[in-house]
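Student: I have a new structure open and would like to learn how to read it. Could you take me through it step by step?

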Amino acid sequence: MATEKIIGRVASDLETLKQFTATPGAGCTRLPFTKEAREAVNFLKQIMEEAGLEVREDAAGNVIGVMKGEDPTAPCVMMGSHYDSVVNGGDFDGIAGVICAIEVARQLKENGIVPKRNFVVVGFCDEEGMRFGTGYFGSGAMLGNRDVNYCKNFKDKDGISIYDAMKSYGLDPEKIEDAKWPKGSIGHFLEAHIEQGPVLDTENIELGLVDCIVGIQRYMVTVHGRADHAGTTPMDMRLDAVDAATKVISKIPDWAREKADGTVATTGYIKTVPGGMNIVAERVEFTVDIRSRSNDNINDIAKRIRAALDREVKAMGGSYEIDTKLVITPVDLSQDMLKIMEESCKKHNYSYKYMPSGAGHDALEIGQVLPTVMLFVPSKDGRSHCPVEFTKYSDFAKATVVMSELAAKLLQE
């Protein structure tokens with residue numbers, strides 16, 4: 001069972017990490033390659049070392065701690081999550097999973113587990129994609145999916161590229177491909193995470209066994225029209241970018257509802273240019289985020305968006321372009337590892353349920369190619385990505401007990 005000692009350690013670590021935010025008193029803002037990210041990484045390095053791990057930071061900004069096994073060349077068991085946040089987010093999203101992984105390492109050591117292979121703890125850099133509009137940077141680099149061109153192509157709202165941000169942070173973006181792990185070197189990946197939804201909390205269930213993570217496609221759409229005077233330009237003589245864009249945007253939620261099966265689609269950002277109350281907009285930028293367990297559902301909605309843009313922009317007389325920001329297919333998680341965790345839940349009398357994840361995680365990127373599992377803990381009122389995000393430290397402790405038993409079994413195989 002989760003002890004007061006475990007709860008206390010998890011609480012102490014997370015309370016310290018709350019300090020590393022660019023928006024004190026207004027939630028956690030810890031964007032990649034910033035002062036706050038560096039402070040968090042330095043603290044993670046410290047507590048990893050105190051837990052007896054060999055610690056390093058890789059070329060992508062991931063912080064890595066290794067518990068050496070009898071055969072360090074055997075495929076390792078890896079556990080972790082991300083240390084970055086959204087703007088004005090919560091204190092637990094991502095970072096709690098890193099702390100849980102460090103706590104699992106502590107428990108393995110205290111329980112006298114002699115691993116046959118390495119146990120690797122990772123704090124991933126830039127899972128959220130908040131700063132550069134991408135996501136899964138650190139985990140993608142570990143899989144060999146990030147290169148120098150990628151780092152140069154994506155920029156933040158101030159025009160700073162990932163490439164330049166990495167240099168100012170103390171990393172060499174020219175060496176980004178050094179972050180790739182050799183094929184076969186990672187055997188299993190484990191991630192603990194807050195649910196970020198209301199199911200576990202509403203149903204008063206202690207742990208969620210995640211059997212599937214939805215796929216995600218993200219787009220930035222730009223519709224081009226012509227700026228004109230709002231009072232003197234007749235409606236039939238306008239090239240109104242807002243008129244065309246909103247006719248498409250308004251249909252997107254209904255296409256997702258039509259698919260059902262948990263499919264969702266969101267337009268979370270809209271910008272008009274010039275942005276004046278009395279000016280017909282010459283340009284509209286908007287984002288689309290589509291998620292589903294079914295890749296066919298995602299692809300069909302994306303296809304409908306393009307067809308609607310073709311139609312509305314042609315009628316308006318302007319043009320448009322779509323910049324693909326992210327494409328990740330849905331992933332089914334390891335049934336074998338889920339069964340081990342289920343037995344552990346039964347052993348400790350923890351209530352649990354099997355459930356999908358509607359949010360993307362580093363486990364989504366990694367689960368495309370490696371046996372992967374996730375364990376959810378309840379989010380109070382389902383709130384996340386906001387300052388009121390909250391999970392009881394005792395729930396994190398229960399998750400570490402279950403995952404330490406899973407890790408012990410995998411490490412001794």
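Predicted model: local features only at pLDDT ≥ 70, side-chain atom pairs only at ≥ 80, totals over all residues.

Student: Let me begin with the inside. Which residues in the largest nonpolar core touch the most other members?

Tutor: The general idea comes first: in soluble globular proteins, nonpolar side chains tend to be buried together. Here the largest nonpolar core has 80 residues, and the ones touching the most other members are Leu 14, Phe 33, Leu 44, Phe 119, Phe 137, Leu 190 and Phe 396. Helix H13, residues 393-411, gives the most to this core, with twelve residues. Apart from this core lies another one, of 28 residues, including Val 210 and Ile 366.

Student: Could we zoom in on one member? What is Phe 119 in contact with, leaving aside its neighbours within four places in sequence?

Tutor: Its contacts include Gly 65, Met 67, Val 77 and Leu 108, and also Ala 407 and Leu 411.

Student: Now the rings. How many aromatic pairs does the structure hold?

Tutor: There are ten. To read a pair, look at the distance between ring centres and the angle between planes, where over 60 degrees counts as edge-to-face. Take Phe 92 and Tyr 393: their ring centres are 6.0 Å apart and their planes are at 70°, so this pair is edge-to-face.

Student: Where in the chain do Phe 92 and Tyr 393 lie?

Tutor: Phe 92 is in the loop between strand S3 (76-82) and helix H3 (95-110), while Tyr 393 is in helix H13, so the pair ties together parts 301 residues apart in sequence. Are they buried or exposed? Both are buried. Phe 92 also pairs with Phe 396, with centres 5.7 Å apart and planes at 35°, so that pair is tilted. Phe 396 is buried too, as is Phe 92.

Student: Which residues form an aromatic cluster?

Tutor: Phe 33, Phe 132, Phe 137, Tyr 150, Phe 154 and Tyr 169 form one. Look at Tyr 169 again: the charged end of Arg 38 sits over its ring, 4.1 Å from the centre. Elsewhere, Lys 152 lies over the face of Tyr 163, 5.0 Å from the ring centre.

Student: Finally, what is the volume of the largest pocket?

Tutor: Rolling a probe the size of a water molecule over the atoms shows where empty space is left. The largest pocket here has a volume of about 1400 Å³. It is lined by 42 residues, and those closest to its centre are Gly 129, Met 130, Gly 133, Tyr 269 and Thr 287. Strand S12 (283-292) is among the elements giving two or more residues to the lining, and S12 provides the largest share, five residues.

Key. Residues numbered from 1 in each chain as written. Heavy atoms only, no water. Core = buried A, V, L, I, M, F, W, Y, C linked by side-chain atoms within 4.5 Å. Buried < 20%, exposed > 50% of the residue type's maximum accessible area, 1.4 Å probe, protein only. Helix = DSSP H or I, 4+ residues; strand = E, 2+ residues; numbered from the N terminus. Contact = heavy atoms within 4.5 Å. Phe/Tyr/Trp six-rings, centres within 6.5 Å; stacked < 30°, edge-to-face > 60°. Lys NZ or Arg CZ within 6 Å of the ring centre and 35° of its normal. 1 Å grid on protein atoms, 1.4 Å probe; cavity = no way out; pocket = protein on both sides within 12 Å on 5 of 7 lines; lining within 4 Å. Points joined across faces, edges and corners; volume = space filled by probe spheres on them.
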